[in-house]
Amino acid sequence: SNIDKEESEKLLASFDMDPSLLRSVICIRLNIYQNNYFNINLSLGYRASFEELKDEILKEIMESDYITSQDMVAMKTSSLIIVIKSFQMKSDIKKAYKALDVITQNLSDSLGKYSSLSFSVAYGSIVPTLKGIRTSYKEAEEILDLAQEKGLKSGIITLEDVFFESSYQKLSPQIINKILDPALDALRRKDGTLPFDMIDSCQAFVDACMNLSLASERTHVHRNTISVRLEKLKNLTGLDPANDIKDALLVK
């Protein structure tokens, strides 16, 4: 929300932190399995094993070779860890993003040691101001949410993994009202339902980079069936993802 720039800079300075550095937010979403080990410990009256594990994970992250005194690590919720990673102001932005990939891989490797949890990791844009940290955090969280909707629930999630999903989330109302809604209306059956088998096949075709054979292999639907559904989509809506990249995005 609204932040006092001067007050924030003073607060960081009090911890010997440089407010002028570039920063990016890394979000780590945890899913701890409630297996017999935890249940037995809890029933015996031990300190909650969930909290012990989270404390151990936080400690390991803070002791990583990639985390410096200019970085911040905190547990935002019971299942979400936030890492605010800093970079020198004069850093080459392309190299900084490559460094982020290395850092998230390191964090993933560390978390992979724990058999009692699954996790997903994503980062937001590198921003030059303290106010931009909120935007970076929102981006990282959105990537995790989109990945979960897509079925990518664990490991490192990059913006490239949810590129289509992120793109169509930001479509203008004009595109939605003028093109997408009429296309959906054209596809509706008489009872108002949508032919999701056709829609799923067309989406799988786009996901397979307009490769019929690959789409068929991934969906276990015969390529001829997918081809027929694509032709029906074209006849009903005018959308032709096989021959127009714009239509491929709209189909997605």
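Student: In which helix does Arg229 lie, and which residues does Arg229 touch beyond those up to four places away in sequence?

Tutor: Before answering, note that this is a predicted model, in which local features need pLDDT of at least 70, side-chain atom pairs count only at pLDDT 80 or more, and totals for chains, interfaces and linings use all residues. Residues are numbered from 1 along each chain as its sequence is written, and side-chain values use heavy atoms, with hydrogens and water left out. Arg229 lies in helix α10, where helices are DSSP runs of H or I with at least four residues, numbered from the N terminus. With contact taken as heavy atoms within 4.5 Å, and residues up to four places away in sequence not counted, Arg229 touches Asp197, Met198, Ser201, Cys202 and Val221.

Student: At what angle do α9 and α10 pack, and how far apart are their axes?

Tutor: Axes are lines fitted to C-alpha atoms, for helices over the stretch in contact, and angles run from 0 to 180 degrees between N-to-C directions. Helix α9 covers residues 212-219 and helix α10 residues 223-237, and the two pack at an angle of about 110 degrees with their axes 9 Å apart. Because roughly perpendicular covers 65 to 115 degrees (under 35 is roughly parallel, over 145 roughly antiparallel, and the rest oblique), α9 is roughly perpendicular to α10.

Student: Where is His220 placed, and is His220 buried or exposed?

Tutor: His220 sits in the loop between α9 and α10, and has a positive phi of about 60 degrees although it is not a glycine. With a relative accessible area of 75%, His220 is exposed.

Student: Which residues are in contact with Ser166, leaving aside neighbours within four places in sequence?

Tutor: Ser166 is found in helix α6, residues 163-169, and is buried, with a relative accessible area of 8%. Leaving aside neighbours within four places in sequence, the contacts of Ser166 are Glu142, Leu146 and Leu159.

Terms used:
Buried < 20%, exposed > 50% of the residue type's maximum accessible area, 1.4 Å probe, protein only.
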